[in-house]
Amino acid sequence: METKADLSTGDSPAASTLPKNGPSTSSNGWPTGPKSYEIKNVIGMGATAQVYAAMCIPRNQRCAIKRINLEKVSTNMEELCKEIQAMSLCNHENVVNYYTSFVVDEELWLVIKLLAGGSLHDIIKYRLENEDCRHGVFDETTIATVLKEVLKGLEYFHHNGQIHRDIKAGNILLGEDGSVQIADFGVSAFIANYGGGLRDNCRHTFVGTPCFMAPEVMEQVVGYDYKADIWSFGITAIELATGRAPYHKFPAMKVLMLTLQNESPSLETGAEIKDQYKHYSKNFRKLITDCLQKDPTKRPTATELLKYPFFKKVKDRKYLKETLLDHGPGMYIKPYDETSSSDKHGSGRFFRTESGDWTFTEDDEYVSPAPTEVDAIDAVDNVGLLSNGLLEETAPWTNGEVVGFVLRVRNQNRELNDIRFEYTIGVDAADAIAAELISAGLVDGRDLSVVGAALRKTIEHPPLSRSIVFPLTSGVSPNEVPDESSLLGFAQLTVLGVFPSDGTSPIEENSCSQPPPATQPEPIVSG
Amino acid sequence: MLSFFSKSQKNPNEIVRSLKDGLVSLERNDKKPEKVSEEVSKLLQSTKGMLLGAPEQEPQTEIVAAQLAQEMYNQNLLLIILQNMKRVDFEGKKDAAQIFNIVLRRQIGTRTPTVEYICTKPEILFLLISGYDSSEVALNCGNMLRECIRYEALAKIILQSPDFYRFFHYVEGSAFDIASDAFSSFKDLLTKHKIIVAEFLEANYDKFFQHYQKLLDSDNYVTRRQSLKLLGELLLDRHNFNVMTKYIGNPENLKLMMIMLREKSKNIQFEAFHVFKVFVANPNKPRPILEILVRNREKLIEFLTKFHSDRTDDEQFNDEKAYLIKQIKDLKAISDNTSS
């Protein structure tokens, strides 16, 4: 097991020359003030946190910064503190490196290693969209190589007496060199997924991941232990082969029921064609069956799993770099995909299933709310003001640019949802997107015109704060009082970033007029 | 179980001595520090294994644990470990902290021999506190420190020492993980042992609240929010009745809470409410407090009526709010009576 502090894994050799223990510097030489960091593009977003790629100026080293809005962590501050302490006591090559954390106004900034390869979930999505995955997303060697690294990280957690609680492809990140690290340890309850490309995140609202949950966790058995991670690991193994968690099609309650009542899932559980995953080996199936035993005591430990014959075929990170990264989407937004943009529905590509429905059922992390009664298409016609909402003359963006948005709004159960979508300038229309959000059951039909108007306004005059809050026509439930700050009777629309139509490098979202920052800024010599 | 031929499985006396030698050698920084560091980490790991059991090691009997502890006292090993904590590698530090905590929890009947031992070596506690000065050991030391604070005798030593006031500095540190760890130790010190804390607060009221004021005024959002919350908990604890009475008799404190009720942060407003309510609910309000409340009567009623009105599901809060509004409404009569 790696035990030595490996602080030179970053991009810069300057790291080791920094003075240790300065007054505002943590032990490993990471500064604890916002001025030392240059924030770049958003790389992930959740209900209480955003993740940015950043540059640590004095170290001349890239990093990722999670900015957690502490005002939204209402009662669990102490829990959050504990989990960050636990994270900083982790030091393993398969666990995302924590560098430091500090408070900036009402935000907690968590500085961690930047893993530019994105998550395996991103890569799976990309493959599913671009390749024929009927017989599996990844070959067995790739799967074994990834899973072995994940197991080494899990073994470390478990030896430390820690439980990850959210093992899934979305939390397995890849470094540019093909290294594999587990992310979001501990803070997963507070911080949304990290590393998802924007496009990928479009499909997410962060309502938990029941598909990966062990039966004993669902039953809320008191004091479930690290064996719950082994279950999730088994589900992740299926996900890496088939591209989906076994019950990804079902809403959360149904997933709970299926997991508790049915036989444990296998590679074939989600199969649509007979024998489509036939070629996966017995050794692989044995690993999955052993991990997915309902009795947690029967599941092997991470250490035991590492000795399984399945892992005899592993290769090195160079192999992963070739098989996963050289054809993958990368962490940043992928180049505009011509095949999907030719979709006659125009704006819906980020949400749609292959059949063009806005149902979200495709996504294993999203639990689809029941569709509303309102027929959105009728609403579109009746309102009549749904001409193209875009004024090209005044728009600060140029045609073909893709703007990432997130609409934060309460669903019928009054839970806050983050709905991510992209808007292609010159192609999409604000009101058409609003209508699609309604027909997908994500927005109340009564809010058609206000959502459309908000979107149009934001496109025409991007707010300096990146975000606007606007009142909803649908108002509040009988027992609620409208409140802007808690989004009762209000919704919030945020511009995540702008992406040129042709490139992979996103433009910083709050400085649209500036040229995109180079991926490798000029080195700044530190004292 | 112990094999004479295995170098790594020594008896308790040998292992403690080897550890001590290794640590002293690290301190002197003599020959091959990497090699020694590696050896020290191995020794720590096998010591932990002796106490806890490990994958290929059964936990040892009570007799071995007792021998190990006794030898640690004799050799002053706990102190030597702490003095050299910085020189131990990452995993070794965690093992060291775990060993410390296991040995600390040892019981013989109702006696806790390690606690008794530390009472005779209070420098162990002060070393742990100063661990917050160096970030590479801060969290490990914090872990051990909170384990110590669970014991009244040890918490009392800290409360009675000038070192206690160092916490006011540590909880405001710029690194969040360390500052928040220091805050949890600080909070444990002030909440775990009610009787000695009440005595301490009464005896050191002025000095303590002078320092505490700085936390409430801090620029750091987290410090402000956490210290305000803790203040509420301290004042509402029955054991601290005298301290509460003194605190809510001071009009400056009332003014501060009224300012904090209007902070931008909803969470801070909410915590301020829980301190503010004590001033209003006090049946024997001193005159200066009464005057402030009466002077601001209309504004307060209006403010409170709208205050966090979205918290519809929090029944207790709404009851308390309604009670405060009623109390403030009734204030006028009192002041009329006194003035006429």
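Which residues gather in a patch of positive charge on the surface?

Modeller: The structure is a predicted model, in which local features need pLDDT of at least 70 and side-chain atom pairs count only at pLDDT 80 or more, while totals for chains, interfaces and linings use all residues. Residues are numbered from 1 along each chain as its sequence is written, chains are lettered from A and ligands numbered from 1 in the order in which they are written, and side-chain values use heavy atoms, with hydrogens and water left out.

The patch of positive charge consists of Lys31(B), Lys32(B), Lys35(B) and Lys42(B). Patch members have over 30% relative accessible area and no salt bridge, and like charges are joined within 9 Å. Lys and Arg count as positive here, whereas His and the chain ends are not counted. For Lys, the place of the charge is NZ.

Of these residues, Lys31(B) sits in the chain B loop that runs between α1 (12-28) and α2 (33-52); helices are DSSP runs of H or I with at least four residues, strands are runs of E with at least two, and both are numbered from the N terminus. With a relative accessible area of 63%, Lys31(B) is exposed (exposed is over 50%, buried under 20%, partly exposed in between, with a 1.4 Å probe and protein chains only).

Another loop residue of chain B is His308(B), found between α19 (297-306) and α20 (315-339). His308(B) is buried, its relative accessible area being 4%. Leaving out residues up to four places away in sequence, His308(B) touches Lys266(B), Gln269(B), Phe270(B), Phe317(B) and Lys321(B) (contact means heavy atoms within 4.5 Å). Between His308(B) and Lys321(B) there are 9.6 Å from C-alpha to C-alpha, and the two are 13 residues apart in sequence.

Turning to charge pairs, Glu147(B) and Arg105(B) form a salt bridge through their side chains at 2.8 Å, N to O (a side-chain nitrogen of Lys or Arg within 4 Å of a carboxyl oxygen of Asp or Glu). Glu147(B) belongs to helix α8 (residues 135-149) and Arg105(B) to helix α5 (residues 90-105), both of chain B, so the pair ties together parts 42 residues apart in sequence. Glu147(B) is buried at 9% relative accessibility, whereas Arg105(B) is partly exposed at 42%.

Glu233(B) and Lys229(B) also meet in a salt bridge, at 3.9 Å, N to O. Because they are four residues apart in helix α14 (residues 221-236) of chain B, about one helical turn separates them. Glu233(B) is partly exposed at 33% relative accessibility, and Lys229(B) is partly exposed at 32%.

In helix α16 (residues 251-260) of chain B, Glu252(B) and Lys255(B) are three residues apart, or about one helical turn. Their side chains are joined by a salt bridge of 3.2 Å, N to O. Partly exposed describes Glu252(B), at 47% relative accessible area, and Lys255(B), at 40%. Elsewhere, salt bridges with shared partners link Glu93(A), Glu149(A), Lys152(A), Asp177(A) and Arg317(A) in one network. Over all chains, the search finds 39 salt bridges.

Chain A, for context, contains 14 helices and 12 strands. It has 527 residues, of which 59% are buried. Of its contacts between residues at least 6 apart in sequence, 69% join residues at least 24 apart.

Conventions: Patch = residues over 30% accessible without salt bridge, like charges linked within 9 Å, V, L, I, M, F, W, Y side chains within 5 Å. Areas by Shrake-Rupley, 256 points an atom, 1.4 Å probe, with all protein chains shown as cover.
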